[in-house]
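You asked for comments on the structure. They are set out as numbered points.

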Amino acid sequence: MMNETMKVDRRDAKLALAHIYVAFTALALGGLAGLLQTLVRSGKFNLPAGISYYTILTTHGTLLGLVLTTFFIIGFQFAAISRTSGTLSDRVRFWAWVGFWTMTIGTAMTVFYILTGQASVLYTFYAPLQAHAGFYIGLTLLVVGSWISGFATFAHYARWKKQNPGKASPLLTFMAVVNMILWLVSTLGVAATVLIQLLPWSLGITDRVNVLVSRTLFWYFGHPLVYFWLLPAYMVWYAVIPKIIGGKIFSDSLARLAFILFLFLSIPVGFHHQLLEPGIKPFWKFIQVFLTLMVVVPSLMTAFAMFATFEAYGRSKGATGLFGWLRKLPWGDARFFAPFVGMVFFIPAGAGGIINASHQMNQVVHNTIWVTGHFHLTVATTVVLTFFGAAYWLIPHLSGRVMTKAMNRLAIIQTVVWTIGMSFMSGSMHFAGLLGAPRRSAFSTYGNSPQALEWIPYQIAQAVGGTILFIGIILVLVIVINLAFFAPKGETEFPVAEAAEPQERTALAMENWKLWIGITVALILIAYTIPFVDMIQNAPPGSKGYKLW
């Protein structure tokens with residue numbers, strides 16, 4: 001039995017790999033769109049064949065923000081639960097495939113309508129910009145497919161609990177369940193706005209749309225989406241990285257508590273994206289900003305646990321002095337190096353997030369390209385580098401191959417290239433944002449306005465960074481294709497660490513889902529009920545749809 005759980009079942013591996021292939025296809029297409037964006041914004045390049053800047057902007061945001069992340073996360077989580085709590089049943093695997101194909105068909109529809117110029121509504125698809133109905137149907141299928149995968153995950157977890165009464169579930173399985181609960185609760189918002197508001201509106205069934213309600217429902221989903229991206233990176237940090245370096249998990253219970261806190265605190269905080277929205281009373285913005293700043297707590301718990309793990313390992317290898325343990329870490333192993341660089345980038349990324357969520361400081365950076373720079377640090381660096389690091393052992397484990405020294409060296413180079421490219425691009429976005437450069441806009445000197453001319457050097461620096469990042473994308477695609485199809489056959493471990501001794505008994509209260517989901521729902525109702533009723537009761541007439549392309 002032990003050997004079966006150590007290696008992911010071949011049928012489950014096929015399922016996980018299918019998700020990962022779609023994710024990296026999205027990276028290739030979305031990355032190309034990102035490169036073109038930065039070149040256009042430099043003012044030195046025009047798109048050929050009448051392609052709109054806003055078409056490639058929508059392509060980039062949708063493919064990288066939604067498709068790459070969702071497919072990689074669900075594929076990784078299916079592999080993780082198969083590895084830690086046993087092979088998926090035929091029924092669970094069947095529904096997981098149904099979820100995969102529903103998501104894939106939805107993605108193909110969405111991308112078709114974007115690329116044919118019928119849905120240049122950007123990643124946030126804010127009303128009153130109106131896309132073709134097919135765009136909204138595609139998005140709906142993507143979300144519904146992910147729900148099917150979520151319920152398949154819950155079914156597998158319930159089966160394990162039934163077979164192991166009175167035992168705490170394996171850590172990675174527990175974390176996957178928390179992340180899918182977070183996803184299901186948060187996507188109710190985007191499903192509601194698409195199905196009830198935007199789809200009937202785009203089909204001409206209704207004439208007008210309540211813009212404030214649609215925006216609020218989007219951000220009810222849009223902020224927890226960030227944690228849906230981040231928690232799988234934390235899964236790798238907590239449960240995998242300690243094994244890769246040869247250490248132990250600092251505390252199993254602390255890891256579980258951090259995930260439960262993220263479940264509570266990541267959903268009732270969407271108003272901090274709407275601090276300049278006139279239709280929401282300041283009191284409710286204050287409540288949600290307070291809850292936003294509370295999210296710092298599980299993040300700091302994670303930072304403490306990770307660096308305690310690193311230090312304990314270094315000292316066990318004879319390290320002395322305050323930072324001597326740093327020299328003992330396996331810097332030559334890309335499986336460690338890429339996620340570690342992601343962790344380091346999370347420090348300035350988190351500081352930027354506190355600025356965005358603080359009412360007064362947000363006034364300075366709201367709707368500037370500073371915000372774009374911020375989420376390129378959080379998602380496109382912290383999360384994506386961790387996903388790359390995970391892919392370097394996950395893909396060969398699933399494909400029955402091994403990573404060669406040459407590929408490991410290339411992966412180290414890829415991480416360095418990504419770090420340099422993102423430092424240029426995100427750094428110049430932050431500086432240009434402080435000078436007032438807007439986000440979501442193509443190149444313009446605004447009639448040679450002196451202020452706008454100040455932004456141009458930073459936009460050229462963004463193009464330099466974007467070009468370096470695209471080289472990084474090419475390198476990671478070379479590695480992924482090698483690991484999936486051409487690397488030597490062999491056994492690659494799926495690393496899962498053990499908790500440090502003396503091990504405290506994991507409290508079964510951690511899996512009291514009625515309590516945790518109940519608290520989550522209560523916080524959401526407190527944060528949203530009264531302002532939401534107010535938005536509907538005191539709504540203006542609503543807006544007709546606009547197509548500005």
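1. Basis. This is a predicted model, in which local features need pLDDT of at least 70 and side-chain atom pairs count only at pLDDT 80 or more, while totals for chains, interfaces and linings use all residues. Residues are numbered from 1 along each chain as its sequence is written, and side-chain values use heavy atoms, with hydrogens and water left out.

2. Helix H3. Helices here are DSSP runs (H or I, at least four residues), numbered from the N terminus. H3 covers residues 53-85, 33 residues in number, and reaches 46 Å from its first C-alpha to its last, close to the 48 Å expected at 1.5 Å a residue. The expected span is 1.5 Å times one less than the number of residues. H3 bends by about 35° at Leu63; the bend is the angle between axes fitted to the seven residues ending at a residue and the seven starting there. Of its 33 residues, 32 are buried. Buried means under 20% relative accessible area, exposed over 50%, and partly exposed in between (1.4 Å probe, protein chains only).

3. Ends of H3. Ser52 caps the N-terminal end of H3, with a side-chain oxygen 3.0 Å from the backbone nitrogen of Tyr54. Such a polar contact is a pair of N or O atoms within 3.5 Å; within protein, one must be able to donate a hydrogen and the other to accept it, and residues adjacent in sequence count only if both atoms are side-chain atoms. Just after H3, Gly86 takes a positive phi of about 95°.

4. Helix H8. The 14 residues of H8 (residues 252-265) should span 20 Å at 1.5 Å a residue, and the end C-alpha atoms are 20 Å apart, which agrees. H8 is mostly covered, with 13 of its 14 residues buried. Its N-terminal end is capped by Ser251, where a side-chain oxygen lies 3.5 Å from the backbone nitrogen of Ser253.

5. Arg256 forms a salt bridge with Glu511, the closest N and O atoms being 3.7 Å apart. Arg256 lies in H8 and Glu511 in the loop between H15 and H16, so the pair ties together parts that are 255 residues apart in sequence. Both residues are buried. A salt bridge is a side-chain nitrogen of Lys or Arg within 4 Å of a carboxyl oxygen of Asp or Glu.

6. Lys243 and Glu493 meet through their side chains in a salt bridge at 3.8 Å, N to O. Lys243 lies in helix H7 and Glu493 in the loop between H15 and helix H16 (513-537), so this pair joins parts that are 250 residues apart in sequence. Lys243 is partly exposed at 37% relative accessible area, and Glu493 is partly exposed at 40%.

7. Other salt bridges. How many salt bridges does the structure hold? There are 13. One of them pairs Arg208 with Asp207, the closest N and O atoms being 4.0 Å apart. Arg208 counts as partly exposed at 40% relative accessibility.

8. Nonpolar surface. Val416, Ile420, Phe424, Ile460 and Val464 form a nonpolar patch on the surface, with about 370 Å² of accessible area together. Patch residues have over 30% relative accessible area and no salt bridge, and nonpolar side chains (Val, Leu, Ile, Met, Phe, Trp, Tyr) are joined within 5 Å. The areas come from the Shrake-Rupley method with a 1.4 Å probe; for residues, only the protein chains shown count as cover. Helices H14 (405-434) and H15 (450-486) each supply at least two residues, and H14 gives the most, with 3. Val464 lies in H15 and is partly exposed at 36%.

9. Backbone exceptions. Most residues other than glycine have a negative phi, and most peptide bonds are trans. Leu122 has a positive phi of about 70° although it is not a glycine. Leu122 is in the loop between H4 and H5 and counts as buried at 10% relative accessibility. Asn448 also is not a glycine and has a positive phi of about 55°; Asn448 lies in the loop between H14 and H15 and counts as exposed at 52%. A cis peptide bond joins Ala127 and Pro128, with omega about 10°. Pro128 is in the loop between helix H4 (90-115) and H5.

Terms used: Patch = residues over 30% accessible without salt bridge, like charges linked within 9 Å, V, L, I, M, F, W, Y side chains within 5 Å.
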